[in-house]
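Here is a friendly walk through a two-chain model, with a stop at one residue in each chain and another at the place where the chains meet. Have the structure open as you read.

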Amino acid sequence: MPKASKPIVKLECVSKKYNEYGVEVKALDAASLEIYSGEFVSIIGPSGCGKSTLLHCMGLLDRPSSGVVYIDGKDTSKISGLEIALFRGEKLGFVFQNYNLIPRLTVLENVMLPGWIMEKDALQLEKKAHGLLKEVGIAHRTDHKGIHLSGGEQQKVAIARALINDPVLVLADEPTGALDSENSREIMKLLVKMNEKRKSTFVFVSHDMDIARYGRRTIVLKDGKIIGDTAKNHVGFDGALKKLGRNANNKQRRKQQ
Amino acid sequence: MSVSRRLAWGELKEHKRIYTVIVIVIALTMTSFMLENAYLNYMMQVVDDTTKVITSDAVITDGSCNIRDLYGTEKELKDAGNIAKKIERELPDYETTIRVTAQGTYGLGTAGEAVDACTIQGIDPSDDAKISGIKDKIVEGRFFNSGDHILRGHTPLYIKIEGPGSLPDFTYGSGQRLMQEEEPYPIIVGATVAKIHPSVGVGKTLFLTLGMSGRETSYAVVTVKVVGLYESGTPTLDALMWFMHADSLREIKGYGTITGKDWTVPGVGTFRGFNPITIDKNRGDVILVKAPEPLTRLDPVGYSEAVKESVKDIVPDLNVFSWHDFLVYIAGSMQDVVTIMLWGSIAVTLFLCGAAIKYVMDSIILRKTREIGALKAFGARDRVIFKIFLYQGLVLGVIAGLVGIILSIIVMNLVNWYGFNVQFIAGTQLKIGFIINWLTILVAMLLPIILSVLAAAFPAKKAAKLSPVEALRKGELSL
């Protein structure tokens, strides 16, 4: 882990509170962490522990109630509402559980979409999109509509799309959540490959421990708090998992069986 | 092409069926609007052409006159020449004409057996082009020409009525003989009259009895010769309204310097001698005011009232009637009702179309919430999302407007080519026609655009304001 460099993501005591039916719910409680360039990080934790909220805060999709999120060294709390969208488009890439391809656009157009939004040069964008599609192994379906692809293929397109603007950080929210185990493994291998090849930083959330194991660093969340971090605690994945206690281990065991 | 436009086109293609239905409804509404408006324009043009011969855009009378007097006032407007000049001075774009008018009756068939009424408008041929355009409506015979005996140079037969309510007790006797020997005044008569009464036609001579109350309640009996028949397009008005040269009526009414002496016809009575008379062109009964052409006929009532008000400000002591006042007097508020109904029906249909666009877009946004969330995650600013839906509204409006206009032009041309006529009174026929002006086309183009852009703006704003997290979450929930 190249700690000598500046962190790509830095969370300083980030909390997020929601008000549901007059009751205050703390989704994230004073979370602090640093993620460095080139890392491949998984975030795990039980349902409702704040995994997605943490990812949304990192992805500037949601503003924390308190604390500061730094992306690429920039204090994002100081970015205005209008500029934050541009900043997000420039610095971040997203992969969603349900792919979110625009069904009426072709595979190529879907990959180019974030580039269009950022008003990039059309010719260069197309060239780059072709390259990315080749990298993710879906070049043969360039002109097909997104809707005609299988789930695994759609997610590959989504990965290519996430990388089109050369983001410093790619965030994936349950990237295999809608896929079968074979496709899930394929997608995770692809993400690992892209991380290694492109040196991009990847952070993904998963409730599936098999999938979470792909992370070279794992952050464990419980009740909105970071209770484990393989990088900090110098423990392996299983060690970090122990922090979640019995239930998670049981779930893991069940899955292994 | 910007990303908003690309995505908007995609949306339009994806929802082409429902959008086609909406576009067709708006386009047909616009076609109906154009046709109704063009037909209304045509009808109003016909009615305008006829009624404006009496009123032009506004008519000024003496303060004691009422609207009934516009048919043929019997009260002279004092100082008409100076009033007309004052109006033209203060309203430089306006034109004025001093008009002499009279009401009268004429015998049909055997003298004394039947009479019909008419209104005589004295028109000055030099002013006619700008005021009435009757010259262009002659269908048989001719307009006045320089060889006509516009001035007879002698005395009309005046019968003075002794007491209020009493009718003149006279026979034509020597007076009639006297008139028969004289050159008749040329007159132009409505073609409808000639169709109804065989005794009226080009080349025929009639005896007119004109009310001359300004001359101490008396009648003037004059001979006239029909030189032309005109058709204004409104047969009822043609039957009522006849035209004499303004100077002929001035002579009959004595609007000039009279140098002759009274003279007596044995057995008939004493008459005032007009011979010779120097016509005073500044003397008249009413002043017609013509305002500049309105930009559109979409609000003829408002325009008419505005003209009236501007004239009224200059002559506060006199009566000013607008063309619309006169129209209401003779035909009630039918015109206003038709205009209100036209706009009312258009407004209701367009409102429903607007509601449909909003509803369709609302439902699209609801279904596409996750897509919107994803776009925002990729860096799309609020205005990018806003424009995606606004462009759709704009395209729908433009297509609907264009289709509506093209369709209405096709229908108008077909009707004009086929030449539809409807039966009107006294065997006359009323032609169905259309007059379309650029402003109506502009309104028919802009109205659907404004409507659909406005209708799209509400859902577009809603979509733009979605928080990315909420949008992504809601999308997941909707699955």
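## A buried alanine in chain B

Ala191(B) is buried, because 25 other C-beta atoms lie within 10 Å (buried means 20 or more such atoms within 10 Å, with C-beta atoms placed from the backbone). This residue sits in helix α6 of chain B, residues 191-196 (helices are DSSP runs of H or I, at least four residues long, numbered from the N terminus).

Beyond its neighbours within four places in sequence, Ala191(B) is in contact with Val139(B), Glu140(B), Leu229(B), Tyr230(B), Glu231(B) and Asp238(B) (contact means C-beta atoms, placed from the backbone, within 7 Å). Ile138(B) is 53 residues away in sequence, yet its C-alpha is 8.7 Å from that of Ala191(B).

## How the model is read

This is a predicted model, where local features need pLDDT of at least 70, side-chain atom pairs count only at pLDDT 80 or more, and totals for chains, interfaces and linings use all residues. Residues are numbered from 1 along each chain as its sequence is written, while chains are lettered from A and ligands numbered from 1 in the order in which they are written.

## A buried asparagine in chain A

Over in chain A, Asn110(A) belongs to helix α3, residues 107-117. Asn110(A) counts as buried, because it has 26 C-beta neighbours inside 10 Å. Leaving out residues up to four places away in sequence, Asn110(A) touches Leu101(A), Ile102(A), Leu105(A), Gly146(A), Val157(A) and Arg161(A).

## Where the chains meet

The contact takes 22 residues from chain A and 20 from chain B. On the chain B side, α12(B) gives the most, with six residues.

Terms used:
Contact = placed C-beta atoms within 7 Å. Helix = DSSP H or I, 4+ residues; strand = E, 2+ residues; numbered from the N terminus. Buried ≥ 20, exposed ≤ 12 C-beta atoms within 10 Å, placed from the backbone.
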